[in-house]
Amino acid sequence: MMTGLRTTVLLLGLLAPLSHGELSQSNHLSVLAGSVFSIDDYGAVATENSVEAATANAAALTAALEVAHSAGRGSVLVPSGSVYYTLPFSGSSHVGVSLIVDGVVKACNSNDCQDAWPCTKESHFDYLFEWDNGTDLTLAGHGTIDGQGYKWWWQFLLNKIPGDRKRPGLVYMTSGTGLNVANITLRNSPIMHMHFDNITGEQFSESERSRPEEKQPRLSPAPSHPRWTIPSIPHPYHPVPPPPCHVNHHTLPTSRPHA
């Protein structure tokens, strides 16, 4: 466990991946102070990888976080057994809120989602999840936040991300006090898994950050693959009028060419 500048109480080591109904009957409610709000109750759409579903899921996550804050030290639940594709979502000035990911949250990686990906600052695309100016926040659960970064990695290597913007990261937390991160798995971020700025009193316990080793050799020549080169990308590109954060789309390779 890594501990920040101020001691905080880490309460989530006992959590098991429970459904919304199970949580409502569980003794873990004594651990999770306050009410539990499932994103399913706020319009979340499971399984569908589309810009429409991703927009709905971003809205559901954001709304549930706000309700949890307004209710007083509430918890937002991403239910186990479901996958939710989403665009960026965020929260600000929350106190005592917990985001419990027992299912899977995936960054939507369709072309439409990349077109719709916001860039609040012109220099970079927004993180998948931003939590700003909070107090006693918790990010935990036995699920996964997956950035589906493979497409972004290719576009970066081929210099096809317009405006020289930075790729989106997974989790960005800034200007807060008291942060607990426990058990959750973060994987496949387009650029970085977690970024903390001006946070005091943070604790980490049994969290995992990873990217698939088997895909990494496909992204650059390696000594064991000296003849491998980056495949050419077909031209012309799709003639789509560029919105503010547009990413040019290409047919990207899905496997390493045979030597």
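A charge is said to sit over a ring if NZ of Lys or CZ of Arg is within 6 Å of the ring centre and within 35 degrees of the ring normal. With that in hand, please look at R167, which lies over the face of F156 at 3.9 Å from the ring centre, and at R165, whose charged end sits over the ring of F125, 5.7 Å from its centre.

Before I go further, a word on what we are looking at. This is a predicted model, in which local features need pLDDT of at least 70 and side-chain atom pairs count only at pLDDT 80 or more, while totals for chains, interfaces and linings use all residues. Residues are numbered from 1 along each chain as its sequence is written, and side-chain values use heavy atoms, with hydrogens and water left out.

On confidence, pLDDT is the predictor's own confidence in each residue, on a scale from 0 to 100, and for the protein chain its mean is 76, with 66% of the residues reaching 70 or more. Over residues 1-31 the pLDDT is below 50, and this stretch has 67 contacts in the model beyond near neighbours in sequence, a contact meaning heavy atoms within 4.5 Å. Over residues 246-259 the pLDDT is also below 50, with 42 such contacts. Where pLDDT is low, the predicted coordinates should not be read in detail.

Now the overall layout. The protein chain holds four helices and 14 strands, taken as DSSP runs and numbered from the N terminus, with helices being H or I of at least four residues and strands E of at least two. Of its 259 residues, 49% count as buried, where buried means under 20% relative accessible area, exposed means over 50% and partly exposed lies in between, with a 1.4 Å probe and protein chains only. Among contacts between residues at least 6 apart in sequence, 70% join residues at least 24 apart.

Let me turn to the interior. A nonpolar core here is a set of buried Ala, Val, Leu, Ile, Met, Phe, Trp, Tyr and Cys residues joined through side-chain atoms within 4.5 Å. The largest such core has 45 residues, and those with the most contacts inside it are I39, F89, L99 and I145. Helix α2, residues 51-71, gives the most to this core, with eight residues. Leaving aside residues up to four places away in sequence, I39 touches a set of residues that includes A60, L61, A64, V76 and Y84. There is also a second, separate core of five residues, among them V36, I100, A140 and A182.

The structure holds six aromatic pairs, where rings of Phe, Tyr and Trp (its six-membered ring) pair if their centres lie within 6.5 Å, and planes under 30 degrees apart count as stacked, over 60 as edge-to-face and the rest as tilted. How are the rings of F89 and F129 arranged, stacked or edge-to-face? Their centres are 4.7 Å apart and their planes stand at 15 degrees, so the pair is stacked. This pair links distant parts of the chain, with F89 in strand β5 and F129 in strand β8, 40 residues apart. F89 is buried at a relative accessible area of 4%, and F129 is buried at 1%. F89 and F129 also form one aromatic cluster with W131.

W117 and W152 make an edge-to-face pair, because their ring centres are 5.9 Å apart and their planes stand at 75 degrees. Here too distant parts of the chain are linked, since W117 is in the loop between α3 and β8 and W152 is in helix α4, 35 residues apart. W117 is buried at 2% relative accessibility, and W152 is buried with a relative accessible area of 2%.

That brings us to helix α4 itself. Six of its eight residues are buried, so α4 is largely enclosed by the rest of the structure. The buried residues are Y150, K151, W152, W153, W154 and Q155, and what covers them includes α3.

Finally, some backbone details. Most residues other than glycine have a negative phi. Just after α4, however, N159 takes a positive phi of about 60 degrees. S93, in the loop between β5 and β6, has a positive phi of about 60 degrees although it is not a glycine, and S93 is partly exposed at 36% relative accessible area. N133, in the loop between β8 and β9, has a positive phi of about 55 degrees, and N133 is partly exposed at 40%.
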